[in-house]
Amino acid sequence: MRKLNIIITSILLILLTSCEDVVDIDLNESEPRLVIEASIIWRTDTDGNNQFIKLSTTAPFFDTITPPATNARVQVLSDSGEKFLFNEVDPGIYKSENFNPQVNARYSLTIQYKDETYTATEILQPVVELEEIVQSKNGGFNSDEYELKGYYSDPIEESNFYLFRFIFKDISLQIYDDEFTNGNRTFAYFSDEDLAPGDKVFYEIQGISEQFYNYLFILRSQAGDSNGGPFQTQPTTVRGNIINKTNPDNFAFGYFRLSQSNLMSYEIK
């Protein structure tokens, strides 16, 4: 009987291993497009002179490396006529060391890459200061996680849009508009199950334009809860504010925006 059991087990193992086939998924691949990461962030505790713009290209789904877009010409022009050249300091990384940020000033981005010219225009958005961070321990599903509220006062009689960043190990993002809190003192809320006494976290508030808020809102809505799995139905392409002046059909991905930001650190008690 024991010998019979061994034979049956061996046969099952052979059947199971013989059913393992490698499945090759034939994905449609399009021509690479330029990807522009052009967020000019002026932290209120700095002069804002050092700014970076990252250029890369799209790659096939299963590629693990994002190809940098090298040898581009990148510059930003202010509405007062100041010109800021961004020089390539690493493959696909372009830096300006003399940028002059001015709140509510209009700036124009021009990128020349592979005989095509990309442009975008945006206004540097101001931001209010974070006033304080208040902690409690009744967050999460079991009401036993640390939660933090970063308070700020929204300006009255004007529309404002915000991007919040909570930095602890990873970065969590929130976007917010003041439709229901205009002119009031309010807060942005974050919690993390791994927070413990002695941990240091950072809150950042950035002022953003309504157009950039809408762009992020659409991206967040399309991402949903599926985390972009390989078999997810692809929604419509979300395009930013960057225009290819040479060949409009060969549009770039990404966004050009300028934001003032305020950063506050906090240690969990």
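Me: Which residues have the most contacts inside the largest nonpolar core?

Reply: Ile36, Leu55 and Ile111, in a core of 27 residues. The model is predicted, so local features need pLDDT of at least 70 and side-chain atom pairs count only at pLDDT 80 or more, while totals for chains, interfaces and linings use all residues. Residues are numbered from 1 along each chain as its sequence is written, and side-chain values use heavy atoms, with hydrogens and water left out.

Me: What makes a set of residues a nonpolar core?

Reply: The members are buried Ala, Val, Leu, Ile, Met, Phe, Trp, Tyr and Cys residues joined through side-chain atoms within 4.5 Å. A second, separate core has 19 residues, among them Leu130, Leu148, Phe166 and Ala188.

Me: Why is Ile205 called buried?

Reply: The relative accessible area of Ile205 is 0%. Buried means under 20%, exposed over 50% and partly exposed in between, with a 1.4 Å probe and protein chains only, so Ile205 counts as buried.

Me: Which residues does Ile205 touch, not counting those up to four places away in sequence?

Reply: They include Val127, Tyr152, Phe164 and Gln260. Contact means heavy atoms within 4.5 Å.

Me: How many residues of the lining of the second largest pocket are nonpolar, polar and charged?

Reply: The lining divides into 7 nonpolar, 7 polar and 2 charged. Ala, Val, Leu, Ile, Met, Phe, Trp, Tyr, Cys and Pro count as nonpolar, Asp, Glu, Lys and Arg as charged, and the others, Gly among them, as polar.
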